[in-house]
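Here are a few notes to read alongside the model. Have a look at the structure first, then go through the points in order.

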Amino acid sequence: MKTPDDDKRFEESAKALFDDSVERLDAATLSKLNQGRQAALAEMAQATPSRQWSRWMPATGVATAALVAVVVLRGPGAVDPPMGPDPTVTDFEILMGDDALEMIEDLEFYSWVDVAEFESADNAG
Amino acid sequence: MNACTGVFAVSCSGEPTTGAQTLQRERQLNQFLAEVERRALRIAEIGVRDRDEALDLVQNAMIKLASNYADRPAAEWTPLFYRILQNGIRDWHRRQNVRNRVMVFFGRGSRDETDYDPIAAAPDPAGRTPDEELQTQQAMGDLELAVGVLPTRQREAFMLRTFEGLDVAGTAAAMGCSAGSVKTHYSRAVHTLREKLGEHWQ
């Protein structure tokens, strides 16, 4: 019979193995991580309010590309399908979009950020 | 007009920020990312079974955190960072599925996921007997494979709670779900993993 202690031991073993694998990452990988971190910090330095609107540029570009694709794929005088999404267009959007999915998924996340911001402002005030 | 306009930069939240504060923030973020990046890489690697892809995902998460949320309180960075990373991993899987469908359509088939060998991809050995090294790598390889085939939410809950050490609230924030859901996913994940790995694992 399994007990909570067994679960605890399992979790500790898993954590120890994971930590061990983290400690033994090779130098080349650590160097790439460092480069990625420096790129992120450089991006932070460049981020200004005037650039904030550009967050929406990829989504706008994807929407425009999807619209063009729909027009081209359907052609002039095409008949509307009975119901449901066109799988070709759906795949096209997913293939092309880096941020579109995140925008949809992140609605709950942005809501959480707003609430957290409101609460921190409320606590500060 | 604000007389300080020419002196102060303005943060994303609209709060006036001095150059010294910005520099301090940058140092804090650098320290945070340096602390979290290696564990994040291994978590992403287990999620996508490819180190190069995992490196890209971690770098993207770092850039998004730095460019969009650097002005948030430092205590929020961990769940924010992992939220971004988990979204990236999920998007990666969706795109892989679509690409595989397209490749199958064109008759090229898909990459065989069993090609990934966690033992071969494991880091270099360091100061152990060959038997110990082999045993450790085998155990971690088994664990990676078992975690890798868990349902997405269970995998996320297990890795964030066990590997990253987030508490229930932090995991819930990173996963975008309730604390109760985290507990359920986590409990199921541990149960499934213990079933798969057996009593003699480790």
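**Notes on the two chains**

1. Chain A has 125 residues, and 11% of them count as buried (20 or more other C-beta atoms within 10 Å of a residue's own, with C-beta atoms placed from the backbone). This is a predicted model, where local features need pLDDT of at least 70, side-chain atom pairs count only at pLDDT 80 or more, and totals for chains, interfaces and linings use all residues. Residues are numbered from 1 along each chain as its sequence is written, while chains are lettered from A and ligands numbered from 1 in the order in which they are written.

2. What is chain A built from? It has 7 helices and 0 strands (DSSP runs numbered from the N terminus: H or I of at least four residues for helices, E of at least two for strands).

3. Over in chain B, B:Ala44, B:Val58 and B:Leu85 touch the most other members of the largest nonpolar core, which holds 51 residues (a set of buried Ala, Val, Leu, Ile, Met, Phe, Trp, Tyr and Cys joined through C-beta atoms within 7 Å). Leaving out residues up to four places away in sequence, B:Leu85 touches B:Ala40, B:Ala44, B:Leu57, B:Val58 and B:Ala61 (contact means C-beta atoms, placed from the backbone, within 7 Å).

4. Now for a helix pair: B:Asp142, B:Leu143, B:Ala146 and B:Val147 of helix 4 in chain B meet B:Leu193, B:Lys196 and B:Leu197 of helix 7 in chain B.

Methods:
Contact = placed C-beta atoms within 7 Å. Buried ≥ 20, exposed ≤ 12 C-beta atoms within 10 Å, placed from the backbone.
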